[in-house]
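Let's read a structure together, one feature at a time. Take a look first, then we'll talk it through.

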Amino acid sequence: MSDSKEETTPFLPVHHKTDSTQAKSCPYKRLGLVGLVGLLGFHLLEYITRPPPDVFVHPAKSAFYTQTDWEQLFLSIPNGEDAIQASRAYAGHPHLAGSKEDFADAKVILKLFQREFGISELNEEPIFKAGSTESRNATLNLSERSTGSQPTAWIDTYFPYMNTPLDRTLEILDEQGSPIWEANLVEEVDPLDPDAHKYQDYVPTWHGLSKNGSAIGELVYANYGSYEDYQNLKKAGVDLAGKIVLVRYGGLFRGLKIKGAEELGASAVLIFSDPRDDGLVTVKNGYQPYPLGPARAPTSVQRGSVQYLSMYPGDPTTEGYPSYENATRQAGRNVPSIPSLPISWANAERLLEEIGEIETVPDAFGHVQLTGKASTRKVKVVNHVDDRIIPIFNSMAAIPGHIRNEVVVLGCHRDAWVLGAADPISGTVSLHEIIRGFGALLKQGWKPLRTILVASWDAEEYGLIGSTEYGEDFSAWLKEHAVAYLNVDVSVSGSRWSTSASPSLANLIHDVASEVPHPTDAGRSLWDARHDSGPFVDVQANFIPPTDVLEADTEKKNLALDVSPLGSGSDYSTFLQHLGIASSDSGFGGSISDAPYHYHSIYDSQRWQEIYADPPSSQTGKIFPRHVAVAQHLGLLALRIIDSIVLPLNTTFYSSQLETYLSKVKLAAVSQTDLELRALDFSRLESAISTLRSASIELDTEKHDAEKKFRELLDKLPKRYHGYHPKRGLRARLRRLHRFIRGLFGKESHSCRSKLPGEWKELLDPTILNEVSERLEFYYADFLRDAPIEEFIKAAKRVAAANSKLSSFEKGFIHQDGIKEREWYRHLGVAPGKWLGYGASTFPALTEAISIDQDIKLAKYEIARLSEQLETLAKRTQP
């Protein structure tokens, strides 16, 4: 739907500054003779004396900046003082998607873009309805050289199906059906945290996209509500039909906890935050609850979407196409059909008393089994919501580069369930500092090699809606032009830094993180922060966390040795798993010795952030050091991609990682009881991976040689070609005057059709290379007579070809048929696990055919499909 529209929609300029050379190249063709006489006298002096066209102009103050100079200038801009002031401004009020506060914040971000990027404010705010000509052109024109070359900013408005809470109750009933206990569903906050206290019931505790309705039934505890938990209960003969299932947060996306219960006939689900998952910093270990201390506040509640994220994200009613105001809508397949409520530990503790024993006595290895016991008394759940279309607002900005058809996208969502000091304000603050950094470079005359697109997404919390709708809206354009998507979400909620990304970005992420200073330890780098622990590590624990919690903490620490694959749960999903664009995500999270993070709670406040998540460094005295470190890393990572001649994407490391993916599949196969599954033949897939790796190694050689040759020839070009030379002389100016006069009398000048490159960087744009050779001699024969320009153009084409193969490598994993039963996810290399949501599943279609479907025929089909996909990618990768 969106693809066809992109092909037919005209590229009309929208609120761009007019490019001077384009506007003045052919303005007077149809003037009469009288007008010509007057104009000739005026323009003669102007054209002889003014500088050459801006295609040759390079700002004097930036002409001698090296890439290292630009990077050092950028790194000097993010600072704790500005970051903490921005955080206090953003986190001081709620930000629910589609609310009046959210819309106001969208306009604040728009103003930030305009101020930092030097964009003139218009009389009418550039707020466009998605699907309108203005909205379409704001993005599509970014790759058109015929449009303006100045930064732009705008807001796209989409119209998704969402909901907001009305009323909710949770009661224990006696034998006659009368309530004997009613839960307090409000997060009661001590005035010690003024912002949280002020807004404690501003956004009620409820699940976004939850089912409107009520249920009465006996209560059954199902641990995390994972696929394995439900299967174990089923094997034990526990019947969940008509029951209300009580599960704890953790392990998988909350919506899938409800999906699993729904499929077994449950009537409702309650989800609570269990202190057992909080590590060492608990009330049982002697810590005061927040806000008096670092332990979890017993009334805290985790709000959140209960969309079935692993099926597809975005607007439930417009699967695969954008949610325009007049969009055709269908019944959502990825939302629950039974009601649910999030509840506090204080309320869960009371409900657990109704069940009694929920787990068996631990065995010799510390493992327990669920009893599946049901409560004697029944519980009543009421969840009333208002389902409707709610406008949301993506704030967007772009900085056109020399290469218009290659785009680097940076994004962070803006909406929060309540205050969201960590989620997403910490990420927004880090992005805020990156925006200021890029603005400082622009003020010094920098122009990026590649085009930059920056997004402040809306409605991520409901199910990645803002980014998904944009990705579906501009799918063809993004697939053609986007070379990388760099995401930030929660940049700071604890002490340990981690990162996930496409394997092609892993080496670059490592290199950049090794150059960024550690936020709190001057002797180490950000990369070293992967092993950090929280400030409460030396405390003697009265209560040791469960084995699975300790194992998870250790696993997170070990996983940090590498860059882990991306699952879902943030805005990279559309770019990576639907469109095939290399993506990354990173930030500081918690360890078992950090203060528990009150995720999606009113307690995710500025006070908690400043005291426990990112306090001043005791060693350096710097404030908000982790926010600044994330900004420096992400911004520097972006600059390395934006300004590198050859894209720094490592396809050979990616190919090697596929061998690891296959090893996991083999382990899954041999663990099956079905002998045919255990004996699956993976030889073709092994061969395909090997072939792809060999092709990638050839590409490594080609991209290295191409850049080397390009740089050698660049050094041989006349120095004046690198920028405007003030002593070019009268001859060149008279030549320009000659072309101008030809234009006046209807003799078409080539400049009417297309600008020629004024700097070598523009020669890396394939749209220029396709037309530039035949025109260079006509225009610049006197200027480039002694330069190896033809060889240079060949070298530029060679670099452009290598970049095309590098940027399209990730797209080689995209299969139009997608993954079985969740076809929106098209990436055959990685996707959110079908029963995980957050966590990544590598070779997902094949893995699920073996582990979940246990279907030998399907498994063989997936081996063949994946092998063919990799074989095709190998052919495309080979130079």
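**Reading the hairpin, the sheet and a helix pair**

A: Start with the hairpin of β3 and β4: five residues lie between the strands, and Gly177 there takes a positive phi near 90°. Strands (E, at least two residues) and helices (H or I, at least four) are DSSP runs numbered from the N terminus. This is a predicted model, where local features need pLDDT of at least 70, side-chain atom pairs count only at pLDDT 80 or more, and totals for chains, interfaces and linings use all residues. Residues are numbered from 1 along each chain as its sequence is written, and side-chain values use heavy atoms, with hydrogens and water left out.

Q: How many bridges join β3 to β4?

A: Two strands pair if DSSP finds at least two bridges between them. Here β3 (residues 161-173) and β4 run antiparallel, joined by three bridges. For Leu173, the bridge partner in β4 is Pro179.

Q: In what order do the strands of the open sheet come?

A: The order of the seven strands is β4-β3-β11-β6-β7-β8-β10, with mixed pairing. At the edges sit β4 (179-182) and β10 (340-343), each pairing on one side only.

Q: And how do I describe two packed helices?

A: You use the angle between their axes and the distance between the axes. Axes are lines fitted to C-alpha atoms, for helices over the stretch in contact, and angles run from 0 to 180 degrees between N-to-C directions. Helix α12 (residues 425-443) packs against helix α19 (residues 625-643) at about 50°, their axes 8 Å apart.
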